[in-house]
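Here is a short briefing on one protein structure. Read it with the model open beside you.

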Amino acid sequence: MNIFEKAKYRMIELDDSSRRNTIINKLHPVIKILTTIGFLVCVLSVNKYDLSRLIYFIVWPILLIIAGDIKIKPFLKLIFYLSPFLIAFVIANVIIDRIPVFYIGNFYITTGMISALTLLIKNVYSILACYI
């Protein structure tokens, strides 16, 4: 299958998913855009060392996936295609920020590791919010 056939198939999939009778598809597009922007502002405003606060933000995308009957496989493909960029930022963050926070045996956790994990979670949440 060439690139154009794949793109055509993807457009047909998107069109079919938009025609399904779900709660999400019944909402006005402006409401969807405003809630997505609000979600992104909330996620991106979390401090880079505040990993525990990011855990609560997974509830909103999960509710939207369930309510909208959204397939998760295309999202995972999107994350796979964007992962080289994410991994480059995460590795750079671990290398640059090396202040130890606490030790687990002989291994120490640095602020760079915490902020890298936070950055990775923020990116996944942002891509997920835009995908939904």
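Arg-20 is partly exposed, with a relative accessible area of 27%. Here, partly exposed lies between buried (under 20% relative accessible area) and exposed (over 50%), using a 1.4 Å probe and protein chains only. The model is predicted, so local features need pLDDT of at least 70 and side-chain atom pairs count only at pLDDT 80 or more, while totals for chains, interfaces and linings use all residues. Residues are numbered from 1 along each chain as its sequence is written, and side-chain values use heavy atoms, with hydrogens and water left out.

**Salt bridges**

- Side chains of opposite charge can pair when their charged atoms come close.
- A salt bridge here is a side-chain nitrogen of Lys or Arg within 4 Å of a carboxyl oxygen of Asp or Glu.
- The structure holds two of them.
- One joins the side chains of Arg-20 and Asp-69, at 3.4 Å from N to O.
- This pair links distant parts of the chain, 49 residues apart: Arg-20 sits in the loop between α1 and α2, and Asp-69 in the loop between α5 and α6.
- Asp-69 is partly exposed, with a relative accessible area of 48%.
- Arg-53 and Asp-50 also meet through their side chains in a salt bridge, at 3.4 Å from N to O.
- Arg-53 is partly exposed too, at 49%.

**Overall fold**

- The protein chain has seven helices and two strands.
- Both are DSSP runs, numbered from the N terminus: helices are H or I with at least four residues, strands are E with at least two.
- From the N terminus on, the order is α-α-α-α-α-α-β-β-α.
- The radius of gyration is 18 Å, well over the 14 Å that the globule rule gives for 132 residues, so the chain is more spread out than a compact globule.
- That radius is taken over C-alpha atoms, and the rule is 2.2 Å times the number of residues to the power 0.38.
- The C-alpha atoms fill a box of roughly 55 × 35 × 25 Å along the principal axes.
- Of the 132 residues, 27% count as buried.

- Ala-67 is found in helix α5.
- Ala-67 is partly exposed, with a relative accessible area of 28%.
- Leaving out residues up to four places away in sequence, Ala-67 touches Thr-22, Ile-23 and Ile-24.
- Contact means heavy atoms within 4.5 Å.
- The C-alpha atoms of Ala-67 and Thr-22 are separated by 6.7 Å, though the two are 45 residues apart along the chain.

**Pockets**

- On a 1 Å grid over the protein atoms alone, a pocket is an open set of points where a 1.4 Å probe fits, with protein on both sides within 12 Å along at least five of seven lines; lining residues have an atom within 4 Å of a point.
- The largest pocket holds about 730 Å³ of space, where a volume is the space filled by probe spheres set on the points.
- It is lined by 27 residues, and Ile-24, Asn-25, Ile-70, Tyr-131 and Ile-132 lie nearest its centre.
- The second largest pocket has a volume of about 400 Å³.
- Of its 11 lining residues, the closest to the centre are Arg-10, Glu-13, Pro-74, Lys-77 and Tyr-81.
- The largest share of this second lining, five residues, comes from α6.
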